[in-house]
There are 2 protein chains.
Amino acid sequence: MTTEHGGRDLGRSLKLLWGDTARPPRGRPPALTLDRIVAAAVEVADELARTEGLEALSMRSIATRLGVGTMSLYRYVPGKSELLDLMLDHVIDVPGEDAEGGWREVLAADARHHWRLCLDHPWYAFVDQSRPLLGPNAMRGLDRLVARLRPAGVDDRTLLMMISAQNDYVEGVARRYVNERRAEARTGVSNEEFWAVQEPTIVKAMSSGDYPTMAGMADNTFDFSYEQLFEFGLTRLHDGYAAFITTPDPHQTG
Amino acid sequence: MTTEHGGRDLGRSLKLLWGDTARPPRGRPPALTLDRIVAAAVEVADELARTEGLEALSMRSIATRLGVGTMSLYRYVPGKSELLDLMLDHVIDVPGEDAEGGWREVLAADARHHWRLCLDHPWYAFVDQSRPLLGPNAMRGLDRLVARLRPAGVDDRTLLMMISAQNDYVEGVARRYVNERRAEARTGVSNEEFWAVQEPTIVKAMSSGDYPTMAGMADNTFDFSYEQLFEFGLTRLHDGYAAFITTPDPHQTG
DNA sequence: CCTTATTCGCGTATGACATACGCGAATTAG
DNA sequence: CTAATTCGCGTATGTCATACGCGAATAAGG
């Protein structure tokens, strides 16, 4: 599944993210750069994640892309986990200066940016983002977002909860969407064909009388796209935020 | 990560889920049952997923738990992917007859049940659930849920979108939560210690002046639990649903 | 009771993977 | 020119899913 990265060395990742890139004065000059490796890794991951999960991204495939031996990468990166940390920060570029408007427009723009990120880099939503490594880009993005949301008059703590809930929602939908696109690309079986395979089983189940409600549902009940679903849920969530902002629940603000 | 299961044979999974379990009249009697295998797999996964991802669940570990050879499992299950399908349906037991009340209480009960499922089986939220195999349990759950939500007066299609959006939200938060608990269990580094490691970097970044907004935030801004976050977002989402039900957006209902 | 068709248990082999270790090559300071 | 230093990466280890096929266990038919 979602593949998460396990025993990363936090200190080393931080050094790699923020550390100086000065070369040592002696010794054989390096043939690679950390940046080149990260960029190549993102490239390969973008291609592979169209059909496979993150576990398909191997150190070998990255090395091959760069035309070097597999073990050469380990001179620059402690391991795959730390490389993932770097890929994350590499891919988060904060959009320029868009989204004028109130908190709702700002939040919506952030959500759509996040959504696009997940679709453009179909591995992104599958990386373990608990305990995020705060890289420069992630930091800048959060800073700007909070600044733009402050005028809503919500305390910072609640603001962070609003952002977190939205992030988790966006990634939840995106993950399912990406999974589906993958299944289609990998198996060559379209969505319609997939449901066609299940149909006999479903029909039989329906006629059993065990599922009276679903048996009576129209055929087009399930015909909505992930984009539609995404926008629908987002609008509902923001409507809920709006109600909360005008009439805050005293329990949550504390 | 999220590790998802790839080339599953849909037809065979369906047969395994709904098919007859009659033994053939001849030949050596089987030492195992499909049910025993699935139950063992869930047990092992529940233990392993406390600290590791789904990729740590190996066919060998399941076989060892059962006291049989690894390859014996393949007499009962085509592969790991199909076994995951079976594990999913095995773990979804529909709760008895709770949650009297309006649509809001029913939805909230469903969300909390889903939430608990993700926490009790820390691998659940990481399985590829696009193109779900409709097993008997999944089917019954959806059927009941829809039946109880019908009185809200929303058309079925919108109802399904409400359910889907909520599911994706719940799994999004749950995934982050589980990831964090894993990180803590695996590394032995508590959450506080983790942030302590990052603090010097953060302090330096703050004093750089590049992140003025975050630099001014109170220390307790990030001090909310995942449970709090979950309930907060859920309430907002339902508030949004409420607004939609009383004043539906003509675009979405179609 | 014995033969034979059938089914099962699972050992072995294959080809992926991350990565520890350490050697030889490349480079530069002195 | 030599020594210190750093790099490239081959080899080896231990993990994984799983294809293949053999020998063992069983029950029906004679």
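I started at A:Ala41 and looked up its contacts (two residues are in contact if their C-beta atoms, placed from the backbone, lie within 7 Å). Leaving aside neighbours within four places in sequence, A:Ala41 is in contact with A:Ile62, A:Leu83 and A:Met87.

Ground rules, before going on. This is a predicted model, in which local features need pLDDT of at least 70 and side-chain atom pairs count only at pLDDT 80 or more, while totals for chains, interfaces and linings use all residues. Residues are numbered from 1 along each chain as its sequence is written, and chains are lettered from A and ligands numbered from 1 in the order in which they are written.

**Core**

For burial I used C-beta atoms placed from the backbone: a residue is buried with 20 or more others within 10 Å of its own, exposed with 12 or fewer, and partly exposed in between. The largest core has 96 residues, and A:Ala41, A:Met87, B:Ala41 and B:Met87 touch the most other members. I note that in soluble globular proteins nonpolar side chains tend to be buried together.

**Chain A overall**

I counted secondary structure by DSSP runs, numbered from the N terminus, with helices as H or I of at least four residues and strands as E of at least two. Chain A has eleven helices and zero strands. Of its 254 residues, 36% count as buried. Among contacts between residues at least 6 apart in sequence in chain A, 78% join residues at least 24 apart.

I checked the pLDDT, the predictor's confidence in each residue, from 0 to 100. Chain A averages 87, and 87% of the residues score at least 70. Over residues 1-6 of chain A the pLDDT is below 50, yet this stretch has 38 contacts in the model beyond near neighbours in sequence.

**Two copies**

I superposed the copies by least squares on the C-alpha atoms of residues with pLDDT of at least 70 in both. Chain B can be laid on chain A with an RMSD of 0.0 Å by a turn of 180° and a shift of 0.0 Å along the axis. That is the relation of a two-fold axis.

At the interface, 72 residues of chain B are in contact with 71 residues of chain A. On the chain B side, the elements giving two or more residues include helix 1 (10-18), helix 6 (136-149) and helix 8 (191-207). Helix 7 of chain B supplies the largest share, 16 residues. I sorted residues by class: Ala, Val, Leu, Ile, Met, Phe, Trp, Tyr, Cys and Pro count as nonpolar, Asp, Glu, Lys and Arg as charged, and the others, Gly among them, as polar. The chain B side has 34 nonpolar, 21 polar and 17 charged residues. Of the interface residues of chain B, 96% are also interface residues in chain A, so the copies meet through the same surface.

**DNA strands**

I took a residue as near a strand if its C-beta atom, placed from the backbone, lies within 6 Å of it. Around DNA strand C there are 26 residues, of which B:Gly27, B:Ala31, B:Val68, B:Gly69 and B:Met71 come nearest. They divide into eleven nonpolar, eight polar and seven charged. Helix 3 (residues 59-66) of chain A gives the most to this surface, with three residues.

Around DNA strand D there are 25 residues, and the nearest are A:Gly27, A:Ala31, A:Gly69, A:Met71 and B:Gly79. By class, this surface has eleven nonpolar, seven polar and seven charged residues.

**Single residues**

I found A:Ala152 in the loop between helix 6 (136-149) and helix 7 (156-187) of chain A. A:Ala152 is partly exposed, with 17 other C-beta atoms within 10 Å. Not counting residues up to four places away in sequence, A:Ala152 touches A:Trp103 and A:Ile245.

B:Ile245 is partly exposed, with 15 other C-beta atoms within 10 Å. B:Ile245 and B:Val154 are 91 residues apart in sequence and 7.0 Å apart in space, C-alpha to C-alpha.

Last, I looked at B:Leu66, found in helix 3 (residues 59-66) of chain B. B:Leu66 has 19 C-beta neighbours inside 10 Å and counts as partly exposed. Leaving aside neighbours within four places in sequence, B:Leu66 is in contact with B:Leu32, B:Arg36, B:Ile37 and B:Ala40.

Note on methods:
A nonpolar core is a set of buried Ala, Val, Leu, Ile, Met, Phe, Trp, Tyr and Cys residues joined through C-beta atoms within 7 Å.
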